[in-house]
Amino acid sequence: MPIGSPGRFRIEYLPQKCNLGLRDTPRVKRSTKNTDLSYDAPVTAKDDAIASLRDSGILDVLTWAAPAAFAATGQIYDEDAGHDQAVVGYLNYKHLKDLMDRATSNGRFAIGDDADGTGSDVLQRGITPEVYQSMPSVTPGAIARNDYHQSPGWAADGYRVLLQSYKFGQVDEISWVLRSEAKRQVASQFYIDEENTLFDAEDFGLELIGGIPDDDAFVGVTLVAAHALNLVTAQFELYVGQSKNPAYRGDSCWHWSHKLLSGGTPLGGMKMPVPPVMPGDGATTDVEDVPVRIKKALAGEGSGMPNE
Amino acid sequence: MARQLAGLKKAHLAALIEMSPTSVTAWESGAKQPNRATVAKLALALKVEPQFFGGGAPPRVNKPHFRSLRSTPQIAQDEAEAYGQFVAEVTGMLENAVEFPEVLSLDLPVDPEEHTTTPEEAARQAREFFGVGPGPVQHVIRLAERAGVVVVFSEPGIAAIDAYSLHTATRPIIVLNPVKDDYYRQRFDVAHELGHLIMHHDAEPGGKIAEEQANRFASEFLMPAQEIAPFLPNSTAGRAWAHLADLKEHWGVSLAALLYRARALGIMGDVSYRNALVRMSQNGWRRAEPGRVTSLEMPSMLPRAREIMSSAGIDDARFLAGSGLPAALYEIAASRVPLLGRRP
């Protein structure tokens, strides 16, 4: 909404403004309960989720698949051929999906009824030997493919993970609404966190049910693995978390998020004082020849022969 | 090798001398020896001395590193490889008569996944190894030559290929494209090939990853991030172009390389970078950039050796006598400047 819009727009804008006064309420509550003022204070829902993802192997698979996917994308990406960030996002998505399926024996790597294991030759095709060797070992069936509205997901023990790319450095500015209806729905899941609910569910004699409101196919919490890659500066990130639709301007797009990986160390944005003089002597074509001396024994005598 | 130097296909050569391509294959692999009459025909067809065909196995050379291998025709690759072999052979012969700088071999392998080290780290170590102080590399070719690397211009026939490099039994060799006559880009080319020689000794050449690694090596080698970052502009507004021109002259790198560096270091945003490239195009600078230095960096190792030999009374004909190697090609390899418009 541009500043100084006509009055009728301002009225629509008012309810949002009203929200601003309330926005800190849940956080204050959390902080006082924990007697720890840091926002990194232990949050049960996050801890539970991370622990479960770790136990089921989903975290291992994610942290293995993401760098391999980024590297595979980097091999194909060619700016001179007109590739841009959209190509990077698409390739990363395809590579990640394939690697996730590969490690968890899903999708085209699913094991048929009559076979006792996907042949290693199939698993090795399309990836480098190093990536294959470092692939985490996951019992087939332990992590199941569970998609939501065509968005591929991998699930185990009541947690499902979907994929989402974002522009590097903007993990806290992802607009789920703009991404897809599926991602909007995921972000509107009920968030169960003991620290965060005003009343215990039992106070009402109710059982709180997490999960996506309209999704009957999966019982549990759906999380998002958010990945970003900037091939120009060679930076990448991988987060996992529970997404949320911001309730007001400036609200977070995560109930919680956890950084799994990050890499690349560009010098961008550093504010170093500019020295007045550039270091060293400038490049020049005025240099001496390398020293070449004639061998004494050969001075004035014959020539060499090849290979002798 | 002579066939490759002449840029002839096997079938073409076979037709010229009225023999079968199978025979040509057999001679080249050493499985069979051509008879005297055939040697004379071969010498005539390939414009080399008959002795050429008598001289044992050629020196062992590793496959050269070519840029954009995908777009390099096989025949041009073979020709380039043969020229590299020729330079190795001539260097070996010269070394019987003169002393060249000792080969300071630096081997910092960088694999495609960069498990061990990165091209940037390799470049920093290389600068230290070669004793480069803070600031620009003053003369990239001379630095390579002082480390024992042979740097030569190629014959104009293989101008389709950018600079390339190869390890040989005698010395590492960098071959420069004689047609590219931009001082700043030539420096980057040499640094790029130096990167291959240092990082990709055993690597399969030609891959896109290896090429990018060599570019990253060259960037860090010529423009160390820590040293150049404070000077790079975040946009091309105001006096930035004049400033970039100063940077270009001091560091001896192209405007394009400086802009790319600014972007890769995250100093210049995508939008500013794109605008800068548009401006470069509009000014015709993407084809030819303005710059004060109009000559090229010149190799000195083989030219100096040739001069010394000549002053000791050994002219080209006498030096090459018996080797069967073509004198015109020797002239090209031992020249300080690219020799254009002639083919042996």
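How much space lies in the largest cavity? In this predicted model, the figure is about 50 Å³. The structure holds two cavities of 30 Å³ or more. The lining of the largest cavity comes from B:Phe153, B:Leu176, B:Asn177, B:Lys180, B:Gln186, B:Asp189 and B:Leu296. Rolling a probe the size of a water molecule over the atoms shows where empty space is left.

Chain A was examined as a whole. Its secondary structure consists of nine helices and seven strands. The chain has 308 residues, and 38% of them are buried. Contacts between residues at least 6 apart in sequence were also classed by separation. Of these contacts in chain A, 62% join residues at least 24 apart. The accessible surface of the chain is about 17500 Å². Carbon and sulfur atoms account for 52% of that surface.

Aromatic rings were then searched. Over all chains, the whole structure contains ten aromatic pairs. One of these pairs joins A:Trp176 and A:Trp254 in an edge-to-face arrangement. The ring centres of A:Trp176 and A:Trp254 are 5.2 Å apart, with 85° between the planes. A:Trp176 belongs to helix H8 (residues 176-179) of chain A, and A:Trp254 to strand E6 (residues 254-263) of chain A, so the pair ties together parts that are 78 residues apart in sequence. Both partners are covered. A:Trp176 counts as buried because its relative accessible area is 1%, under the 20% limit. A:Trp254 is likewise buried, at 5%.

A further pair is found in chain B. The ring centres of B:Phe129 and B:Phe130 lie 5.3 Å apart and their planes meet at 80°, so this pair is edge-to-face. B:Phe129 is partly exposed, with a relative accessible area of 38%. Ring pairs extend the group into a cluster of B:Phe129, B:Phe130, B:Phe217 and B:Phe221.

Helix H12 of chain B covers residues 255-264. Eight of its ten residues are buried, so the helix is largely enclosed by the rest of the structure. The buried positions in H12(B) are B:Leu255, B:Ala257, B:Leu258, B:Leu259, B:Arg261, B:Ala262, B:Arg263 and B:Ala264. What covers the buried residues includes four helices of chain B: H9 (208-222), H10 (225-228), H11 (240-251) and H13 (270-282). After H12(B) comes B:Gly266, which has a positive phi, near 75°.

Two single residues were also followed. B:Leu320 sits in helix H15 (residues 316-320) of chain B. B:Leu320 is buried, with a relative accessible area of 6%. Neighbours within four places in sequence aside, the contacts of B:Leu320 are B:Met93, B:Leu325, B:Pro326, B:Ala327 and B:Tyr330. B:Met93 is 227 residues away from B:Leu320 along the chain, yet their C-alpha atoms are separated by 8.8 Å.

In chain A, A:Gln185 lies in helix H9 (residues 181-187). A:Gln185 counts as buried because its relative accessibility is 13%. Again leaving aside neighbours within four places in sequence, A:Gln185 is in contact with A:Tyr148, A:Ile212, A:Pro213 and A:Asp214.

Methods:
Residues are numbered from 1 along each chain as its sequence is written. Chains are lettered from A and ligands numbered from 1 in the order in which they are written. This is a predicted model: local features need pLDDT of at least 70, side-chain atom pairs count only at pLDDT 80 or more; totals for chains, interfaces and linings use all residues. Side-chain values use heavy atoms; hydrogens and water are left out. Helices (H or I, at least four residues) and strands (E, at least two) are DSSP runs, numbered from the N terminus. Buried means under 20% relative accessible area, exposed over 50%, partly exposed in between (1.4 Å probe, protein chains only). Contact means heavy atoms within 4.5 Å. Accessible areas come from the Shrake-Rupley method with a 1.4 Å probe; for residues, only the protein chains shown count as cover. On a 1 Å grid over the protein atoms alone, a cavity is a set of points where a 1.4 Å probe fits but cannot get out, and a pocket is an open set with protein on both sides within 12 Å along at least five of seven lines; lining residues have an atom within 4 Å of a point. Grid points are joined across faces, edges and corners, and a volume is the space filled by probe spheres set on the points. Rings of Phe, Tyr and Trp (its six-membered ring) pair if their centres lie within 6.5 Å; planes under 30 degrees apart count as stacked, over 60 as edge-to-face and the rest as tilted.
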